[in-house]
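Here is a short report for a reader new to this structure.

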Amino acid sequence: MIIVMLGNIGTGKGTQGKLIMKNYNIPYISTGDIFRENIKNNTELGLKVKSILNDGKLVNDELVNQIVFDKIKNLDSFVIDGYPRTIYQAEKFENFVNNLNRKLDIVFSIIVSEENIIKRLTGRRICPECGKIYNIYFDKPEKDEICNFDGEKLIQREDDKIEIVKKRIEEFKENTEPVIEYYRNKNILYEIDGEKEIFEVFNDIKRVIDDYIKK
Ligand SMILES: [Zn+2]
């Protein structure tokens with residue numbers, strides 16, 4: 001079974017993808033994780049990706065496709081997160097999968113309002129000492145900007161700053177919303193309300209997958 005997780009940043013699609021992995025015992029593939037892993041290990045690919053990102057550019061479609069195809073070529077089942085991000089990637093992905101005599105089974109689109117995405121991400125604060133994560137809107141520390149456990153001053157990650165978050169939301173609208181439409185037209189898109197509690201969201205996802213398996 002091949003499952004695709006689509007959704008804006010901050011919608012929890014990665015968390016849900018990992019729950020699918022655990023519940024159905026299929027590999028979870030995240031292009032973001034592959035990039036981070038390669039950068040950390042200073043591989044050839046990592047160095048390439050790092051220099052692209054340092055220039056403030058997006059990793060190009062060909063390179064992303066190559067990485068994904070290499071990862072999935074021997075897998076019958078998997079859940080993939082953060083891909084395809086553009087129509088070009090979506091078309092090539094489909095060709096690749098079809099050439100292996102397989103098909104995409106389910107595409108999930110996890111939906112959270114823009115207002116809540118911004119709160120989830122820009123409200124996030126991290127303790128540099130113990131790693132505890134807070135949110136100034138949903139899960140405040142007892143004292144403003146101070147860790148409950150060790151009194152350390154909380155920090156905000158660079159990626160969670162409002163300008164970056166807004167830029168990534170725009171990028172999603174421009175590139176990935178057309179991908180959602182693409183799958184809607186193929187009747188394999190399932191929209192999921194991502195504003196509920198994590199396990200409620202997962203129950204909605206599970207219902208779709210279980211119904212699909214029964215068919
Ligand atoms: Zn702490």
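This is a predicted model: local features need pLDDT of at least 70, side-chain atom pairs count only at pLDDT 80 or more; totals for chains, interfaces and linings use all residues.

## Strands and their pairing

Two strands pair if DSSP finds at least two bridges between them. E3 spans residues 78-81. Strand E1 (residues 2-7) pairs with E3 in the parallel sense, over 4 bridges. Strand E2 (residues 28-30) also pairs with E3 in the parallel sense, over 3 bridges.

Val79 links to both partners. Val79 is the bridge partner of Ile3. Val79 is also the bridge partner of Tyr28.

In a regular strand, side chains alternate between the two faces of the sheet. Are the two faces of E3 covered or open? Both are covered. Phe78 and Ile80 are buried on one side, and Val79 and Asp81 are buried on the other.

In soluble globular proteins, nonpolar side chains tend to be buried together. Which members of the largest nonpolar core touch the most other members? They are Ile72, Ile80, Phe93 and Tyr183, out of 31 residues. Seven elements are listed as each supplying at least two residues: E1, helix H2 (31-40), helix H3 (44-54), helix H4 (61-72), E3, helix H5 (87-99) and H7. H4 gives the largest share, 6 residues. A second, separate core has 17 residues, including Ile3, Tyr24, Val79 and Ile106.

Setting aside residues up to four places away in sequence, Tyr183 touches Leu6, Pro84, Ala90, Phe93, Leu104, Val107, Ile188 and Leu189.

## Tyr83 in its loop

Tyr83 sits in the loop between E3 and H5. Is Tyr83 buried or exposed? Tyr83 counts as buried because its relative accessible area is 0%, and the cut-off for buried is under 20%. Beyond its neighbours within four places in sequence, Tyr83 is in contact with Val4, Leu6, Thr31, Val64, Asn65, Val68, Phe69, Gln89 and Phe93. Gly46 lies 37 residues from Tyr83 in sequence, and their C-alpha atoms are 18 Å apart.

Cys127 is buried, at 1% relative accessible area. Cys130 is partly exposed, at 41%.

Helix H6 covers residues 114-122. Its buried residues are Asn116, Ile117, Ile118, Leu121 and Thr122. They pack against strand E5 (124-126) and helix H7 (162-185).

H7 gives the largest share, 7 residues.

Where is Asn8 placed? Asn8 is in the loop between E1 and helix H1 (13-24). Asn8 counts as buried, at 10% relative accessibility. Leaving out residues up to four places away in sequence, Asn8 touches Lys13, Ile110, Ile117, Arg168, Ile169 and Phe172.

Terms used
Residues are numbered from 1 along each chain as its sequence is written. Side-chain values use heavy atoms; hydrogens and water are left out. Buried means under 20% relative accessible area, exposed over 50%, partly exposed in between (1.4 Å probe, protein chains only). Contact means heavy atoms within 4.5 Å. A nonpolar core is a set of buried Ala, Val, Leu, Ile, Met, Phe, Trp, Tyr and Cys residues joined through side-chain atoms within 4.5 Å.
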